Amino acid sequence: LLKKIFDGKSLFNNPKPVGLLKKILTLSANRDSLILDFFSGSGTTAHAVMQLNAEDGGNRRYICVQLPEETDEKSEARKAGFDTIAEIAKERIRRAGAAVSGSLKDGQRVDTGFKVFKLSESSFKQWRQPENGADLEQQLRLAIDSVAEHAAPKNMVYELMLRLGCKLTSPVEHKNGVYWVTDEDTGKRIALLLEAADQTLIDDVIAAAPAKVVALDKWFDGNDALKSNTVLQMKDAGIVFECV
């Protein structure tokens, strides 16, 4: 089956059979279960979850965890451009999802989308206990702009979601320079200002009436008046406001 998915190429040794995983899920989980596979390999669990949902109308979800184990340099997988097992799994889930979606009957819907995360350095500079006066001064200077040099807005979005207690599966929308997060549990909207902050943008965000607004302090660029007015405007509108 895996060779068929990858156009006849043998990219992974001893993959788990989809049928076996489906049998295990049928016996041990219900239609709304969250399935966790800590050794996901080629992504068979994700494939089985999507296929089983298509067969019985379930709403199962999955979390697949895989170390970025490198493929053998002489392997067919490496020749095909897959440097790690995790890369094989991601492509397998994409192709399996497309196949499942293509087999659906009229009116039938199955969510085959997925997000990929990897362990990385924080997008924000970390406070370190200073050992002397010079170190303290340096730490305070770093705190003026808390964003790390390597940080990208999309990465900051998900790190802030974790800090705010939102699930990583919460919907995220990028619109007019604002990242909008809808808390999956409460339905409340959070606005993240990670690319710019000016009066026009702030007025537009307030008009949208989110439950909370989080902005990068650096975008106020030392404009204390704008920052103070923003705090007051948010308070008057009943919006929780935080600066990072």
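Buried here means under 20% relative accessible area, exposed means over 50%, and partly exposed is what lies in between, with a 1.4 Å probe and protein chains only. The model is a predicted one, with local features needing pLDDT of at least 70 and side-chain atom pairs counting only at pLDDT 80 or more, while totals for chains, interfaces and linings use all residues. Residues are numbered from 1 along each chain as its sequence is written, and side-chain values use heavy atoms, leaving out hydrogens and water.

Glu-159 sits in helix α7 (residues 153-163); helices (H or I, at least four residues) and strands (E, at least two) are DSSP runs numbered from the N terminus. Leaving aside residues up to four places away in sequence, Glu-159 touches Ser-122, Ser-123 and Phe-124, a contact being heavy atoms within 4.5 Å.

Helix α2 (residues 18-28) has Val-18, Leu-21, Lys-22 and Leu-25 as its buried residues. These cover an arc of only 100° around the axis, so they end up on the same side of α2; the arc is that of the directions from the helix axis to the C-beta atoms. On the face turned away from that buried side are the exposed residues Lys-23, Leu-27 and Ser-28. The cover over the buried residues of α2 includes β1, α3 (44-56) and α5 (85-102).

As for α5, its 18 residues reach 26 Å from the first C-alpha to the last, close to the 26 Å expected at 1.5 Å a residue. That expected span is 1.5 Å times one less than the number of residues in the helix. Among the buried residues of α5 are Ile-85, Ile-88, Lys-90, Arg-92, Gly-97 and Val-100. The buried residues of α5 pack against α1 (2-5), α2, α3, β2 (61-64) and α4 (76-79).

Helix α8 (residues 199-207) buries Leu-201, Ile-202, Val-205 and Ile-206. Their arc around the axis is only 135°, which puts them on the same side of α8. Thr-200 and Ala-207 are exposed on the face turned away from the buried side. Covering the buried residues of α8 are, among others, β4 (178-182), β5 (189-193), β6 (212-215) and α9 (224-236).

Then there is the surface.
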